[in-house]
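Hi everyone, thanks for coming. Please take a look at the structure on the screen, and then I'll walk you through a few parts of it.

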Amino acid sequence: MNVFGLRKRQAEDWASPHERARARAVQRMDGPLGATEAAWLDGHLAECKACRRRAAEYQENRDLLRTLREVNPSPPRDLWARTAAAIEVESRRGRRGPVRGVPIGALSGVLVIAVVLGATLLSNTPTPVIAPEANAPASFPPAAATASLAPGPVGTPLAVAAGDVRAVWGDADGNLAVRNLRVESVCSKKSDADCPTVEDRSATDVALTARPQTIISSPDHKQAVIVSKPDESNANEVIVFTLPTESTPVETPEPSPEPPGTPEVSEPPSTESAAPETPATSAEPSDSPVPSGTPTESVEPSSEPASPTPLETDPPDATPTPEAIAIASGLIVVGQTEAYSADGKWFAFTARPADSDLGPDIYLWRVGTQEAAPVTRDHRSVFASWDGERIVGSRPSADGPAVEGVIFMIDPRTGEETELGVGWRPIVAPDGSQALVFDGSVAATDGGRHIAPAEGTLELRDWDPDTGTASSRGDAVIDVAGSMFDARWAENGIAFAVWVQDVADPSFGRLSLYFVDPDTGELDQPENAPREEPALPGFSIGQGRLAWATPSGQGGEGSRVQIVAWTKDGVGSAETAPGDQVVVIR
Amino acid sequence: MSSDPSILRVLGRALPARAAMGRAMSETWDQDEAASFIETLFAKHHSEIHVYLLRMVRDPELAADLTQDAFVKAYRNYDTLEKPENARAWLYQIAHRVALDEIRRRKIIRFLPWTGESRGAAPSAEHTVMDMRLSADLQRALDKIPERQRAALLLAELHDLTGLELAAALGVSHVAARALLTRARESLRQALAAERAADASADRGPRTDARVGQDR
């Protein structure tokens with residue numbers, strides 16, 4: 001993460017020319033700027049005394065730092081003797097136990113696994129594909145469907161058995177609708193012109209007075225918690241509302257636990273019609289490994305968003321104005337930490353009062369009750385995740401720009417708290433065996449009101465609920481630097497995604513998808529898996545797909561919902577047409 | 001478990017992909033070869049690694065222990081070294097990880113002076129006071145910035161690592177390393193400015209004469 005933003009910044013993006021000049025001046029300390037920026041900076045420095053002073057300050061501090069070069073204390077004379085003895089002990093130990101020393105190394109493991117996983121995921125990726133058109137017959141026999149068809153470089157759609165994606169759209173008049181997006185095929189190349197746009201299966205208008213900022217679905221998809229956009233006093237409302245009943249994505253086949261292995265079906269690039277064809281398998285749950293490649297229904301492209309396909313049952317009692325109750329208000333909801341417990345009985349989030357100087361606490365809502373209440377009282381606690389039915393949280397050990405984080409657990413029934421150890425915001429995997437943990441320092445500033453990671457890396461570690469995470473050993477996943485992050489697991493624990501807020505523009509961040517080999521625990525990012533893709537806060541992961549809203553594009557184009565889905569044969573993506581105020585229900 | 005996967009992982013990302021798959025996949029490696037290689041590395045680099053660790057933890061005893069640890073870890077993970085020419089960055093990466101682990105485990109940072117015994121001929125009294133104040137300010141400012149930023153600054157300014165070596169040592173991408181350095185420079189600037197402001201207000205106050213002595 002670049003402190004000045006990874007996006008290439010245009011001149012007009014800077015708050016002021018001085019900000020730009022100071023950023024460039026410090027960047028130039030460690031490498032040349034581009035010719036244009038360098039010329040601009042020199043021009044500005046010639047004019048601006050304050051910026052010139054700042055640039056000189058960076059240089060003086062470097063000179064001061066370099067005076068430390070003169071200080072070169074010698075190591076103790078016996079250092080080699082000690083080290084050699086320790087190596088000798090180490091080598092004897094290595095000889096006794098056959099593989100005990102493990103110098104064959106985790107790295108070799110990584111490579112081997114990468115090869116194996118790569119082979120599993122991408123085995124059918126065509127070696128340099130010849131004549132792409134030949135891959136796109138007008139119809140395809142099932143035999144061809146099970147043979148080597150893959151996300152080719154030309155955007156041959158890859159059929160997937162991903163779960164529905166739901167999102168809330170706003171229109172120009174401020175009306176909101178919940179849309180169900182059925183993802184049936186994805187393409188290997190994003191922004192492939194031939195890749196069909198994702199259409200809604202159904203849409204239901206919802207009457208909500210608050211603008212949603214984040215929407216979290218309950219595990220049974222029957223209700224959702226909305227965190228509203230902040231009002232004038234910066235406070236959010238936390239609202240529970242009943243999701244439109246028709247949106248239960250029950251007819252989606254369960255993805256298999258391996259990077260889901262539903263056999264894929266190739267579909268012709270839809271050149272004449274943008275309508276994705278509907279393989280029979282996606283309408284009926286089926287364990288059959290051989291999908292019928294015969295499309296049964298063809299959905300007409302429709303400008304009416306609210307047109308369920310003929311295959312769907314449309315419950316007559318679907319209510320267009322779902323019930324909504326506010327379970328918390330007057331709070332500033334912090335971060336993107338909100339989550340239901342796996343059994344759907346509890347909902348936890350982090351918030352601080354809008355009308356006082358107090359720092360954050362963990363709030364808990366018992367589903368079915370009227371109000372959420374804080375479960376911590378120290379005003380410096382942040383919710384991390386659920387480990388089964390227990391709340392996992394963390395808090396800074398002290399105030400300061402770089403302090404340690406302490407992990408603890410709370411039993412929601414008794415409120416009893418257990419301290420676990422050092423670390424920050426462990427995101428525990430669904431099976432409780434692993435966790436993503438921020439390993440680094442935490443900044444607790446402004447009297448504890450602002451608590452955020454300072455410097456460090458998100459790591460994948462073994463999770464032991466008795467002791468917290470095991471030591472500092474772990475696989476580095478991503479450097480989150482001093483940014484807010486949101487990391488969540490897919491329900492089967494083989495995939496997770498990490499969103500890291502942009503430092504310069506907190507309205508969006510970057511999203512990456514990772515797979516964890518269920519046997520070895522090794523990390524992988526297969527081809528086409530998103531890596532640091534621009535994304536608005538609040539992604540949805542599970543059922544074989546990852547979905548997020550893209551930041552608004554250039555020229556006033558709205559956000560799109562971008563969906564990445566995977567099968568054992570590969571990873572592909574698809575997106576919707578742009579819309580306003582798009583929030584993915586996660 | 002005697003290897004630290006994170007070291008290897010980052011190394012794998014930051015340094016070129018391993019060519020020697022065959023060696024990596026074999027179940028054994030030549031321990032004598034490894035030991036003699038580490039001995040050569042030790043002879044060449046132990047001073048700078050020791051100074052780096054000393055600069056990070058500021059405790060001579062501890063720095064010596066950590067140097068020993070770093071070389072033992074290097075021996076253990078010998079097979080992860082892709083090319084001998086990357087050995088220096090690889091050593092720094094291991095040492096960096098060792099230092100961070102130690103700092104996070106103990107939150108040590110003792111207030112030992114950076115300067116002192118190794119100074120040469122006694123300069124003028126005025127000079128010493130100036131130097132000591134400067135160095136004490138710098139020392140406190142460095143203490144206040146996050147440890148990864150501190151490491152980036154020390155490695156770049158005092159240990160002459162190239163951009164790529166720095167990235168490898170820190171276990172991040174080249175771009176991330178440069179961004180970290182940028183943040184570090186800004187943090188140091190702010191921290192130093194704060195130290196100087198504190199000095200200035202102390203100078204105006206009644207404790208003027210006591211300052212230098214207290215800087216330790």
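**A first look at chain A**

In chain A, buried residues make up 47% of the 586 residues; buried here means that 20 or more other C-beta atoms, placed from the backbone, lie within 10 Å of the residue's own. Please keep in mind that this is a predicted model, where local features need pLDDT of at least 70, side-chain atom pairs count only at pLDDT 80 or more, and totals for chains, interfaces and linings use all residues. Residues are numbered from 1 along each chain as its sequence is written, while chains are lettered from A and ligands numbered from 1 in the order in which they are written.

Chain A has six helices and 35 strands, taken as DSSP runs numbered from the N terminus, with helices being H or I of at least four residues and strands E of at least two.

Now, a sheet. In what order do the four strands of this open sheet in chain A run? The order is β31-β32-β33-β34, with antiparallel pairing; two strands pair if DSSP finds at least two bridges between them. At the edges sit β31 (540-542) and β34 (570-575) of chain A, each pairing on one side only. Six bridges join β33 (residues 561-567) of chain A to β34(A) in the antiparallel sense, and A:A565 stands opposite A:G572 in β34(A).

Finally, let's hop over to chain B. There, α7(B) passes α8(B) in a right-handed crossing, the near helix being turned clockwise from the far one by less than a right angle.

Note on methods:
Buried ≥ 20, exposed ≤ 12 C-beta atoms within 10 Å, placed from the backbone.
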